[in-house]
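Thanks for coming. I will go through a few places in this structure, and you can follow along on the screen.

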Amino acid sequence: MNNDLQKSESEKQEGQEPQKEDKPSSLMEKIQQLGQTNVPQLSSDSRIHCLTIIGQIEGHLALPPQNKTTKYEHLIPQLVAIEQNPKIEGVLIILNTVGGDVEAGLAISEMLATLSKPTVSIVLGGGHSIGVPIAVSCDHSFIAGTATMTIHPIRLTGLVIGVPATFEYLDKMQDRVVNFVTKHSNISEEKFKDLMFAKGNLTRDIGTNVVGPDAVEYGLIDEVGGLGQAMKKLNQLIDQSKVTNEGLVQ
Amino acid sequence: MILYTTMPQEYIFPTDSESFTKQQTVTYQGVSLLVEQSDSQNVQVVRVLSSDPQHYLDERICPGAKISCASILGLSANF
């Protein structure tokens, strides 16, 4: 009986605590100022981490704060931390991007492609331009049925100094994107370039807007699906990698 | 006014440097956050910069939450 009473009392006390936290008194603030805050009680065993590639992929020029951007200086240290942390077993990449800086995008793609842990990407909404190499860089890629990917040649904004040199530079830069995509997906170089230089799909522009099921048909993306399928696949890849690692030890 | 030019918009209408200083990246309780000054004592969370999904469930650092400047380490003096 006594135990039961104590239990119910302690439960009451526990029940009251969150209400206290909701109204931080000035005393609480003072305690925070002294640096004696509670360490967040976060469960440290979330074995799947998630990276979101949203808005514009920012290059060497910082965009104004009203733009939603993905900054490589944020993503790259996170990827290094993910690679080093033995508790993290897999990474989910969620893309909804309009594209952006070619070199920053390729840097993120290369980091993802060389990550030793299983990676799965989902394209939701849009994964345009430089979002394409990022989406295909993962071990397995998904695209939502309604999501689209615009494939088009690389463009330059701003001043062009020396046309032949610039053209050659752009051509080489484009080859880097084409090579990366064809290396990391099932699409052929010919097909990818066909889509890139297609006329009539984007009114007066060249390129193609590829919708979910078409991206899978062309071999660019592995499967049409959403979050549930992506998590299932990631767990499956984690289990597979565990088996092969154990095999190596023996 | 209609502009017909190859120059990017940022070159023609440069953003004032003030808007860049309004937002800042800080570390609070081991989590990187993008914060914006809301009043002289508090900052408001704009974005959580973490790959750990658990951090997004912590209501103390969810976007819109206010954090007192004093509890953030490494926040510049003018903030």
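Start with Ile48(A). Leaving out residues up to four places away in sequence, Ile48(A) touches Glu89(A), Gly90(A), Leu92(A) and Leu234(A). Please keep in mind throughout that this is a predicted model. Ile48(A) belongs to strand 1 of chain A, which covers residues 48-58. Is Ile48(A) buried or partly exposed? With 19 other C-beta atoms within 10 Å, Ile48(A) is partly exposed, because a residue needs 20 or more to count as buried.

If we take contacts in chain A between residues at least 6 apart in sequence, 68% of them join residues at least 24 apart. Chain A contains nine helices and ten strands. Of its 250 residues, 31% are buried.

Now two helices that pack together. In general, such a pair is described by the angle between the axes and the distance between them. For helix 3 (residues 72-84) and helix 4 (residues 102-113) of chain A, the axes come within 10 Å and cross at roughly 10°. Helix 3 and helix 4 of chain A are therefore roughly parallel to each other, since the angle is under 35 degrees. Which residues make the contact? From helix 3 of chain A they are Tyr72(A), Leu75(A), Ile76(A) and Leu79(A). Helix 4 of chain A supplies Ala104(A), Ala107(A), Ile108(A) and Met111(A). By class, that contact has eight nonpolar residues, with no polar and no charged ones.

Next, helix 7 of chain A, residues 189-196. Its buried residues include Phe192(A), Leu195(A) and Met196(A). Why are they on the same side of helix 7 of chain A? They cover an arc of only 100° around the axis, and that puts them there. As for what lies against them, the buried residues of helix 7 pack against strand 6 (148-151), helix 6 (163-184) and strand 9 (208-211) of chain A.

In chain A, Ser129(A) is not a glycine but has a positive phi of about 50°. Ser129(A) sits in the loop between strand 4 (119-127) and helix 5 (131-136) of chain A. Ser129(A) is buried, with 24 other C-beta atoms within 10 Å.

In chain B, Gln29(B) also is a residue other than glycine with a positive phi, near 55°. Gln29(B) lies in the loop between strand 1 (23-28) and strand 2 (31-37) of chain B. Where Ser129(A) is buried, Gln29(B) counts as partly exposed, with 18 C-beta neighbours inside 10 Å.

Last, the sheet in chain B. Four strands of chain B form an open sheet in the order 1-2-3-4, with antiparallel pairing. Strand 1 and strand 4 (66-68) of chain B are the edge strands, each pairing on one side only. From one strand to the next, the twist averages 50°. Inside the sheet, strand 2 and strand 3 (residues 42-49) of chain B run antiparallel and are joined by six bridges. As an example of a bridge, Glu36(B) has Gln44(B) of strand 3 of chain B as its partner.

Definitions and conventions
Residues are numbered from 1 along each chain as its sequence is written. Chains are lettered from A and ligands numbered from 1 in the order in which they are written. This is a predicted model: local features need pLDDT of at least 70, side-chain atom pairs count only at pLDDT 80 or more; totals for chains, interfaces and linings use all residues. A residue is buried if 20 or more other C-beta atoms lie within 10 Å of its own, exposed if 12 or fewer, and partly exposed in between; C-beta atoms are placed from the backbone. Helices (H or I, at least four residues) and strands (E, at least two) are DSSP runs, numbered from the N terminus. The arc is that of the directions from the helix axis to the C-beta atoms. Two residues are in contact if their C-beta atoms, placed from the backbone, lie within 7 Å. Axes are lines fitted to C-alpha atoms, for helices over the stretch in contact, and angles run from 0 to 180 degrees between N-to-C directions. Angles under 35 degrees count as roughly parallel, over 145 as roughly antiparallel, 65 to 115 as roughly perpendicular and the rest as oblique. Ala, Val, Leu, Ile, Met, Phe, Trp, Tyr, Cys and Pro count as nonpolar, Asp, Glu, Lys and Arg as charged, and the others, Gly among them, as polar. Two strands pair if DSSP finds at least two bridges between them.
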